[in-house]
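I opened this notebook to record what I looked up in one protein model.

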Amino acid sequence: LISCRRQEAVINEEFGFMDRHKMRADFMAYFKEVCRKKDHKWHIVYLHFEKFVNGKCMFGEITVDLCNRFRDYLLHARQLKHTDKMVSRNSAASYFSLFRGVLKLAYRDKYLRENPNDFLEKIESRYIHKEFLTQDELKTLASTPCDIPVLRNASLFSCLTGLRISDILNLKWENLCTAPDLGHCIRLRTQKTQTEALLPISYEAYALCGEPGTGKVFKELRRCMTGYPLKAWIKKAGIQKHITFHCLRHSYIFLFTRNKKLTRNKLLDR
């Protein structure tokens, strides 16, 4: 029986026919396995699709019509955690883009006869104003006591390096190294783009990491801390802007690319 099925699969692949056994394979299991190797946002897309198909979907059911209906679902869906709020347009665009990425992988692995992406229209994102901290606001935040020390250090570290929360959560001491000029650098592969880079950092940013050790640098940091605890700390500092952890990355871009008079080692001079 195994021999016959394998022979059928080989013939189907040779003549471009879809293997009926692959069509009956579980797309949800494949999707979940892909998410295991990706960041948190991929899992959110998985949960939305799981809700959309009521938890069941075979590869044979993946059609252009189904994908377009999921596209429409994302444009009118509510957030998974805050069900009283709608998924933003830009989030829907990002989610659908990741979903199309899963389809591309499935086509590459020959689970799909055609690539549905050839017939799908992406969701266009909208420009939104991106908040950031000015130098004075950054100094104010740094001098404001925080109930969670590791959150303070990680937040200021993001401001001084531009790293995403996913990369900070995974940052290990082995990623830190000394440059030829005796300065400090971070050698890492970013989780979002999977590109390796050598990032010079200031002595001040290095000091926020604490005492050198092994394993993760910010061991006690949790993603949930970037929600209410971060907002409470920012409010305590008297900053009225809507600042998320990702906005701290924008602050780095503003501080180091738009004001060339600043030096990396004196931004938090207190």
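Entry 1, salt bridges. I took a salt bridge to be a side-chain nitrogen of Lys or Arg within 4 Å of a carboxyl oxygen of Asp or Glu. By this rule I counted 5 salt bridges. The model is predicted: local features need pLDDT of at least 70, side-chain atom pairs count only at pLDDT 80 or more, and totals for chains, interfaces and linings use all residues. Residues are numbered from 1 along each chain as its sequence is written, and side-chain values use heavy atoms, with hydrogens and water left out.

For burial I used relative accessible area: buried is under 20%, exposed is over 50%, and partly exposed lies in between (1.4 Å probe, protein chains only).

- Asp65 pairs with Arg69, and their closest N and O atoms are 3.1 Å apart. Both residues lie in helix H5 (residues 64-75), 4 residues apart, about one turn of the helix. Asp65 is partly exposed at 49%, and Arg69 is partly exposed at 42%.
- Asp109 pairs with Arg108, with the closest N and O atoms 3.1 Å apart. Here Asp109 is partly exposed at 28%, whereas Arg108 is exposed at 56%.
- Asp167 pairs with Arg164, with the closest N and O atoms 3.9 Å apart. I found both Asp167 and Arg164 to be buried.

Entry 3, the chain as a whole. I read 12 helices and 3 strands in the protein chain; these are DSSP runs numbered from the N terminus, helices being H or I of at least four residues and strands E of at least two. Of the 270 residues, 41% are buried. I defined contact as heavy atoms within 4.5 Å. Among contacts between residues at least 6 apart in sequence, 67% join residues at least 24 apart.

Which residues touch the most other members of the largest nonpolar core? A nonpolar core is a set of buried Ala, Val, Leu, Ile, Met, Phe, Trp, Tyr and Cys residues joined through side-chain atoms within 4.5 Å. In the largest one, of 40 residues, they are Leu133, Phe157, Ile168, Ile186, Phe218 and Leu221. Elements giving two or more residues to this core include helix H7 (135-143), strand S2 (184-189) and helix H12 (245-257). Helix H8 gives the most, with 7 residues. Apart from this core I noted another, of 34 residues, among them Tyr46, Cys67, Leu74 and Val87.
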